[in-house]
Amino acid sequence: MSKLKGKPENFDNPPSRELTENVTFRATKEMKEEIQKQDNPAQFCRDAVQKALDEKKGK
């Protein structure tokens with residue numbers, strides 16, 4: 001039986017946006033621990049920041 005490895009086009013990253021920039025911020029120990037418990041911590045943070053930006057714009 002062959003292993004299914006998936007196709008990059010099926011991953012959850014938008015194809016038109018390249019993730020080339022880094023953002024660093026300070027957080028509490030508890031926040032860091034909760035973020036690290038997520039299935040995909042980086043995507044979780046990106047989604048949270050995008051949600052906050054959208055709310056600020058009034059979308």
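## Exercises on a predicted model

The largest pocket holds about 780 Å³ of space. Val23, Ala42, Cys45, Arg46 and Val49 are the closest to its centre among the 24 residues that line it. The structure is a predicted model.

**Exercise 1.** Determine which elements give two or more residues to the lining of the largest pocket, and which gives the most.

*Solution.* Helix H1 (29–36) and H2 are the elements that give two or more residues to this lining. H2 gives the most, with 8 residues. By class, the lining of the largest pocket is made up of 10 nonpolar, 8 polar and 6 charged residues.

**Exercise 2.** Check whether the span of helix H2 agrees with its number of residues.

*Solution.* Helix H2 covers residues 41–57, which is 17 residues. The expected span takes 1.5 Å times one less than the number of residues. For helix H2 this should come to 24 Å, and the end C-alpha atoms are 24 Å apart, so the two agree. Just after H2, Gly58 has a positive phi of about 90°.

**Exercise 3.** Describe the protein chain by its helices and strands, its buried residues and its accessible surface.

*Solution.* The protein chain has 2 helices and 0 strands. Of its 59 residues, 3% are buried. The accessible surface of the protein chain is about 6,400 Å², and carbon and sulfur atoms account for 52% of that surface.

Terms used. Residues numbered from 1 in each chain as written. Predicted model: local features only at pLDDT ≥ 70, side-chain atom pairs only at ≥ 80, totals over all residues. Heavy atoms only, no water. Helix = DSSP H or I, 4+ residues; strand = E, 2+ residues; numbered from the N terminus. Buried < 20%, exposed > 50% of the residue type's maximum accessible area, 1.4 Å probe, protein only. Areas by Shrake-Rupley, 256 points an atom, 1.4 Å probe, with all protein chains shown as cover. 1 Å grid on protein atoms, 1.4 Å probe; cavity = no way out; pocket = protein on both sides within 12 Å on 5 of 7 lines; lining within 4 Å. Points joined across faces, edges and corners; volume = space filled by probe spheres on them. Nonpolar A, V, L, I, M, F, W, Y, C, P; charged D, E, K, R; others polar.
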